[in-house]
Amino acid sequence: MKKHLLPILAMAAALATTTASAKTLVFCSEGSPESLNPQLVTTSTGMNAARPMFNNLVEFAPGSTDLEPALAETWTISDDGREYTFHLRSDVPFHGNASFAPTRPLNADDVVFSLVRQWKEDHPYHHVSGASYDYFKDMGMPDLLESIERLDDRTVRIRLARPEAPFLANLAMPFNAILSAEYAEELLAAGTPDRLDRDPIGTGPFVFAGYQENVAVRYRAFDAYWRGRQPIDTLVFSITPNPAVRLTKLKAGECHVMAFPNPADAGQIESDPSLRLLRQEGFNIGYLALNTTKPPFDDARVRRAINMAIDKDAIVEAVYQGAGIAAKNPVPPTIWSYNDQIRPYSYDPAGARRLLVEAGHPEGLAADLWYMPVSRPYMPSAKRIAELIQVDLGKIGVRTELNTAEWGEYRLKMQAGEPMLALYGWTGDNGDPDNFLHVLLGCTAARAGGNNIAKWCDPAYDSLVTRAKEIADQAARASLYSEAQSVFHEAAPWVPLAHSIVMMATRANVRGFVMDPLGRHIFEGVDLE
């Protein structure tokens with residue numbers, strides 16, 4: 001038996017029920033989550049690791065961007081678009097653990113706690129675990145919220161400072177998952193409040209059962225789940241950063257579902273009768289961010305030169321291998337408001353060199369170029385892309401030193417704005433252009449810790465994407481977002497590289513697993529034959 005199989009089987013056996021019919025599903029995931037509390041994460045890796053344990057007031061239907069009721073059974077919206085009243089389901093139980101047994105089902109206190117913890121700096125849990133609530137802040141929630149009130153056990157009213165078109169969709173995102181206020185109170189009284197984030201309790205289909213960093217996250221089915229008990233008894237996220245190793249484990253039956261195979265391996269997966277390959281046009285963008293706060297990249301001429309120096313078609317051909325298209329905008333072409341009238345920067349090394357000379361760099365320049373250490377749905381091999389970019393930039397006199405770091409450290413460096421040039425990307429979380437254009441490029445997200453890793457803050461651009469959030473008419477919003485893309489193109493804070501076709505692979509005996517346009521890995525309802 002292979003050595004790397006032993007710990008996974010041992011963990012699964014320890015968690016599974018003792019009956020002969022117990023089922024364990026192992027998912028080969030691509031990286032370690034930065035936290036198991038979705039309030040504290042900003043990446044899809046962290047969100048997906050937290051997803052089995054939590055529910056939201058409203059949620060996206062599996063495989064869709066359509067909203068559906070979840071913990072809130074119904075809701076109403078005031079005529080001015082500023083007041084949302086949520087009516088909660090009755091008898092939704094919380095998980096327990098070895099030291100905590102809930103005494104009541106979900107109620108309005110849990111909703112208020114989960115949102116106010118992130119919002120109010122004087123909340124007793126606001127600073128627990130060193131939390132910074134970066135996604136909450138990047139979405140503009142602190143300024144948007146005016147009040148959150150418990151009207152009775154099953155009713156919560158949220159009042160906004162202004163109308164916000166994507167507000168319901170934002171509530172469906174993982175950072176607005178509902179935690180147990182009762183559990184939080186008990187931990188605070190015991191002097192161990194950080195356990196709320198290390199030993200999480202939610203209302204979701206699976207109960208947290210253990211986490212070993214860089215090895216696995218383990219869950220067991222929640223017998224009292226409000227939508228019904230799951231067909232599988234044990235779920236294991238086996239953390240496997242290398243896609244070739246993930247595929248080897250899938251073929252050997254060591255995992256049942258794997259994330260993001262190498263595009264070059266698609267053919268062999270499709271030809272193997274024991275496996276299934278799933279494909280979906282990605283709701284994503286892979287890009288090179290240019291740190292606009294660091295000279296010489298504070299000069300738009302230099303940034304345009306970098307755009308003109310990179311052969312994106314060659315990158316798509318060499319790295320995406322038929323599973324991607326070259327990008328020109330910061331949003332995917334599948335999203336409403338995509339501005340197809342923009343003409344991409346052409347691959348023009350001679351023109352790029354002339355721009356550098358014009359910007360005062362006749363001898364070229366030097367920069368650090370960072371690449372991700374893990375494969376992502378929007379970028380199957382960041383290292384290979386970095387190598388190709390290094391060659392292209394060298395042709396115009398831009399000398400780059402390649403750097404990387406462990407995935408958690410890499411994310412922190414990006415959000416802190418340390419690198420000059422950095423590869424990164426995004427998969428849309430809620431189906432709205434705001435989730436790309438405001439979250440990744442707005443001034444709010446340009447702060448240290450924000451998701452605007454180019455640290456670009458353009459008042460004209462920011463005004464457009466902020467106004468677009470505040471109006472309900474989709475055509476008017478689309479016009480503002482289209483104009484914002486033109487401003488982005490002229491300023492060139494990124495080199496938009498590619499939109500990928502996302503792939504997943506499963507064993508043939510997996511039933512009910514579907515790919516999701518928002519990059520979610522959903523195991524609710526999944527079964528093994």
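Biologist: Which element gives the most to the lining of the second largest pocket?

Modeller: Start with the general idea. Rolling a probe the size of a water molecule over the atoms shows where empty space is left. Now the case here, in a predicted model. Helix α2 gives the most to the lining of the second largest pocket, with four residues. Both α2 (44–50) and β2 (58–60) supply at least two residues of that lining.

Biologist: How many residues line the second largest pocket, and which lie nearest its centre?

Modeller: The lining has 29 residues. Nearest the centre are R51, F54, E59, R520 and I522. The space in this pocket is about 450 Å³.

Biologist: How does that lining divide by class?

Modeller: There are 16 nonpolar residues, six polar and seven charged.

Biologist: Now the largest pocket. What is its volume?

Modeller: Its volume is about 610 Å³. The lining comprises 27 residues. Closest to the centre of this pocket are E34, S35, L40, R411 and L412.

Biologist: Which elements give two or more residues to the lining of the largest pocket?

Modeller: Look for α4 (134–138), α8 (195–198) and α15 (407–416). Of the elements, α15 gives the most, with five residues.

Biologist: And what classes of residue make up the lining of the largest pocket?

Modeller: Count 10 nonpolar residues, 10 polar and seven charged.

Conventions: Residues are numbered from 1 along each chain as its sequence is written. This is a predicted model: local features need pLDDT of at least 70, side-chain atom pairs count only at pLDDT 80 or more; totals for chains, interfaces and linings use all residues. Side-chain values use heavy atoms; hydrogens and water are left out. On a 1 Å grid over the protein atoms alone, a cavity is a set of points where a 1.4 Å probe fits but cannot get out, and a pocket is an open set with protein on both sides within 12 Å along at least five of seven lines; lining residues have an atom within 4 Å of a point. Grid points are joined across faces, edges and corners, and a volume is the space filled by probe spheres set on the points. Ala, Val, Leu, Ile, Met, Phe, Trp, Tyr, Cys and Pro count as nonpolar, Asp, Glu, Lys and Arg as charged, and the others, Gly among them, as polar.
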